[in-house]
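Hi,

Here is the structure I promised to pass on.

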Amino acid sequence: METKLRRYRGSLVTNGGCIIAFGLWSALKFVITFITDPDLFNYEINDHAESSEYALILKIMTVIFVASIIALILYIHIYIGRSSYREGLSEKTGSFYLVITFIVAVIVLFEMVLYLVPRDNIEETFISLLAAFFIDLTKELLLVDTLYVAVMSRHLAKKLAK
């Protein structure tokens, strides 16, 4: 049982680092979506801009909004990854990061469903969509594995303490 516990904790350490790396991927994917499809945000700006000053303010607010979303994505992934890493090193961590991990796993699952929705003006190739899908699938499996390993690690640690 001690060997299994060490294996689970080793997985938590590895998963923690990988979750941080996938957080970078998520932020990069958001930036790529913003760059490759700027019309997502430009429609509102062009429709409501009576003057160039107003359009400039809207563009600055859009950049601030995008930067805030990127910071939030990175913060959540760093928090989950760091907590997983610390728990793998046998440090005390709370269970809040597991709740956040579950929520992120559900969000990623819904993102993956969006790959199956047909798009009208698709400029992306099938290969790039397939690659992004498999990256998100790997991230989903990593998050689910982190949840499983953390629960099993805690369960085994309690058994060994008795």
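Predicted model: local features only at pLDDT ≥ 70, side-chain atom pairs only at ≥ 80, totals over all residues.

Numbering starts from 1 along each chain as its sequence is written, and side-chain values use heavy atoms, with hydrogens and water left out.

The largest nonpolar core has 23 residues, and Ile 80, Tyr 97, Val 104 and Leu 143 touch the most other members. (Such a core is a set of buried Ala, Val, Leu, Ile, Met, Phe, Trp, Tyr and Cys residues joined through side-chain atoms within 4.5 Å; buried means under 20% relative accessible area, exposed over 50%, partly exposed in between, with a 1.4 Å probe and protein chains only.) Two or more residues each come from H1, helix H4 (96-114) and helix H5 (126-161), with H5 giving the largest share, 8 residues. Helices here are DSSP runs of H or I, at least four residues, numbered from the N terminus.

Leu 143 touches Ile 19, Thr 101, Val 104, Ala 105 and Val 108, leaving out residues up to four places away in sequence; contact means heavy atoms within 4.5 Å.

Asn 15 sits in helix H1 (residues 2-36) and is buried, at 7% relative accessible area. Beyond neighbours within four places in sequence, Asn 15 contacts Ser 84, Leu 142, Asp 145 and Thr 146.

Then there's Ile 103, in helix H4, which counts as partly exposed at 41% relative accessibility.

Cheers
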